[in-house]
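Subject: Structure handover

Hello,

Here is the structure I said I would pass on. My notes on it follow below.

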Amino acid sequence: MTIAEIVIIGGGVIGASVAWHLASEGMTDVVLLERESLGAGSTGRSVGGIRHQFSSAVNIKLSLASVAKFRRFTRETGAPAHFVWCGYLFLLDNEADWTQFQRNVALQQELGVPGVERLTQDDVKRLVPQLEVDDLLGATLCTHDGFGDPYSICQGYAQAARRLGVRVRQTVEVTGIDVRGGRVVGVQTTDGPIGCRCVVNCAGPWAAEIGRLAGVDLPIVPLKRQVYVTDLFNGLAQDAPMTIDFGPSFYFRREGKGIVFGMTNKDQPPGFDLRLDPGWLDTVIEQALRRVPALADARVMRGWAGLYDTTPDANPILGAVPGLDGFLVAAGFSGHGFMHSPATGEVVAEMALGRSPTLDVSELGLDRFNQGARREHNVI
Ligand SMILES: Cc1cc2nc3c(=O)[nH]c(=O)nc-3n(C[C@H](O)[C@H](O)[C@H](O)COP(=O)(O)OP(=O)(O)OC[C@H]3O[C@@H](n4cnc5c(N)ncnc54)[C@H](O)[C@@H]3O)c2cc1C
């Protein structure tokens with residue numbers, strides 16, 4: 001039988017980051033199991049946004065730590081990475097959101113986020129002249145936000161982990177988790193059993209299914225999100241910020257010579273279906289043209305759907321499960337798993353090694369759902 005100290009389930013950007021952070025700390029007796037291919041889940045379907053603009057200190061700290069790590073990613077892993085630090089612009093059109101976002105900016109500045117500020121209608125119009133701004137109460141901008149490529153970051157972490165000795169096994173599915181006397185002792189896979197001391201559940205939208213294999217109830221559900229890309233579009237500056245019309249949750253940014261855009265369907269029922277909904281594109285375009293009339297000249301080239309792994313407060317579950325030794329969870333990231341993957345990898349590796357994490361993420365433990373966790377302003 002195969003034996004390993006630590007088994008990581010899921011070869012998305014989170015599992016790959018955990019694997020590399022373990023290996024870089026000298027823990028290479030690790031197996032990373034992916035039932036399809038690396039990045040085949042949400043990671044390969046992500047929009048890749050990276051922002052500091054959150055309403056809670058823990059998420060802002062995860063962003064600060066992650067951005068610092070993204071900036072030294074190539075130096076540390078030897079893998080290529082491409083980032084565009086174009087900024088994130090949030091447009092606010094109602095009192096409640098505007099009040100909340102002004103509070104958020106104050107908290108972000110207090111915690112040391114660089115380049116974050118409030119903008120007036122006139123500022124917004126100067127920054128992105130194509131926007132309709134008459135209904136806006138204000139906006140917030142962070143010039144140190146931007147986007148990257150989740151698929152290549154996932155591959156980079158996995159390859160660097162493999163070079164250090166981690167066993168990365170694709171097309172191997174975990175079918176069972178062996179628990180004895182209140183602790184995990186191994187996993188069953190389509191390629192045979194593996195005995196281990198610790199399992200890390202990084203299965204993204206499938207994390208609740210992995211939880212069930214261990215007898216653990218994780219409040220994580222898959223929610224479909226649909227994304228579209230246009231052909232060549234010259235009607236927007238190449239360095240325009242990623243823009244989020246927060247009320248309707250419509251967003252767009254530059255993607256090469258085209259535009260990538262999408263909107264959250266707030267009535268989306270949970271499920272694993274990945275088909276594009278007929279009619280949804282028309283709804284998104286209606287909203288898009290209200291905010292950016294110039295987009296009428298853009299031609300939609302293709303679209304795809306991916307899954308958010310969503311918890312009741314749209315924040316991840318990080319850490320141990322009370323009552324089950326040797327089982328760690330790093331899932332439920334909603335729309336911010338890519339941007340938080342570097343710091344998450346570090347923190348979860350520290351937990352798996354039995355150390356207390358350098359970043360205090362105790363408020364993201366599973367037990368918060370017994371204590372009335374509060375919903376955060378989370379988007380895309
Ligand atoms: C449309 C869309 C846009 C997004 N935009 C952003 C964004 O702008 N910024 C951002 O930060 N985040 C964004 N996200 C979220 C982000 O992509 C995810 O949070 C992140 O990719 C999650 O990574 P993961 O490794 O946890 O999950 P995944 O990438 O889904 O990886 C989980 C892996 O587990 C594997 N697996 C499942 N079950 C098993 C099993 N039994 N055995 C073995 N393997 C198994 C799956 O095959 C999968 O590859 C977006 C997501 C979507 C869908």
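In which helix is Tyr 157 placed? Tyr 157 sits in helix α6, which covers residues 150–164. Please keep in mind while reading that this is a predicted model.

Leaving aside residues up to four places away in sequence, Tyr 157 touches Ala 16, Ser 17, Ala 19, Trp 20 and Thr 77. Val 13 is 144 residues from Tyr 157 along the chain, yet their C-alpha atoms are separated by 7.8 Å.

Helix α1 runs over residues 13–24. Its 12 residues should span 16 Å at 1.5 Å a residue, and the end C-alpha atoms are 16 Å apart, so the two values agree. Of the 12 residues of α1, 11 are buried. Among them are Val 13, Ile 14, Gly 15, Val 18, His 21, Leu 22 and Ala 23. Ala 16, Ser 17, Ala 19 and Trp 20, listed above as contacts of Tyr 157, are also buried residues of α1. After α1 comes Gly 26, with a positive phi near 95 degrees.

Domains

The protein chain is divided into domain 1 (2–65 + 150–220 + 313–370) and domain 2 (85–146 + 222–310). The C-alpha centres of the two domains lie 29 Å apart. Their contact takes 24 residues from domain 1 and 25 residues from domain 2. On the domain 1 side, the elements giving two or more residues are β3 (49–50) and α2 (57–71). The largest share of that side comes from α2, with four residues. By class, the domain 1 side has 11 nonpolar, 10 polar and three charged residues.

Ligand

How many residues surround the ligand? There are 42, and the closest are Gly 12, Gly 41, Gly 204, Gly 306 and Gly 337. Domain 1 and domain 2 each give at least three residues to this shell. At least two residues of the shell come from each of α1, β2 (30–34), β12 (221–230) and β16. The shell is made up of 21 nonpolar, 15 polar and six charged residues.

Strands

Strand β6 (residues 138–142) is mostly covered, with five of its five residues buried. Gly 138, Thr 140 and Cys 142 point one way from β6, while Ala 139 and Leu 141 point the other way. Two strands pair with β6. Strand β4 (residues 88–92) is antiparallel to β6 and is joined to it over five bridges; here Tyr 88 has Cys 142 as its bridge partner. Strand β5 (residues 116–119) also runs antiparallel to β6, with four bridges between them, and Arg 118 is bridged to Thr 140.

Strand β9 (residues 174–180) and strand β10 (residues 183–189) are another antiparallel pair, with six bridges. What do β9 and β10 form? They form a hairpin with two residues between the strands. Gly 181, in the turn, has a positive phi of about 55 degrees. Arg 180 has Arg 183 in β10 as its bridge partner.

Residues to look at in the loops

Most residues other than glycine have a negative phi.

- Ala 314 has a positive phi, near 60 degrees. Ala 314 is in the loop between β16 (300–310) and β17 (317–321). It counts as buried because it has 20 C-beta neighbours inside 10 Å.
- Ser 334 is not a glycine either, and its phi is positive at about 55 degrees. Ser 334 is in the loop between β18 (324–331) and α9 (341–352). Ser 334 also has 20 C-beta neighbours inside 10 Å, and so counts as buried.

Is Ile 285 buried or partly exposed? Ile 285 has 18 other C-beta atoms within 10 Å and is therefore partly exposed, since a residue needs 20 or more to be buried. Ile 285 belongs to helix α8 (residues 280–291). Met 263 is 22 residues from Ile 285 in sequence, and the C-alpha atoms of the two are 9.5 Å apart.

Regards

Notes
Residues numbered from 1 in each chain as written. Predicted model: local features only at pLDDT ≥ 70, side-chain atom pairs only at ≥ 80, totals over all residues. Expected span 1.5 Å × (residues − 1). Contact = placed C-beta atoms within 7 Å. Pairing = 2+ DSSP bridges. Near = placed C-beta within 6 Å. Nonpolar A, V, L, I, M, F, W, Y, C, P; charged D, E, K, R; others polar. Domains from an automatic or database assignment.
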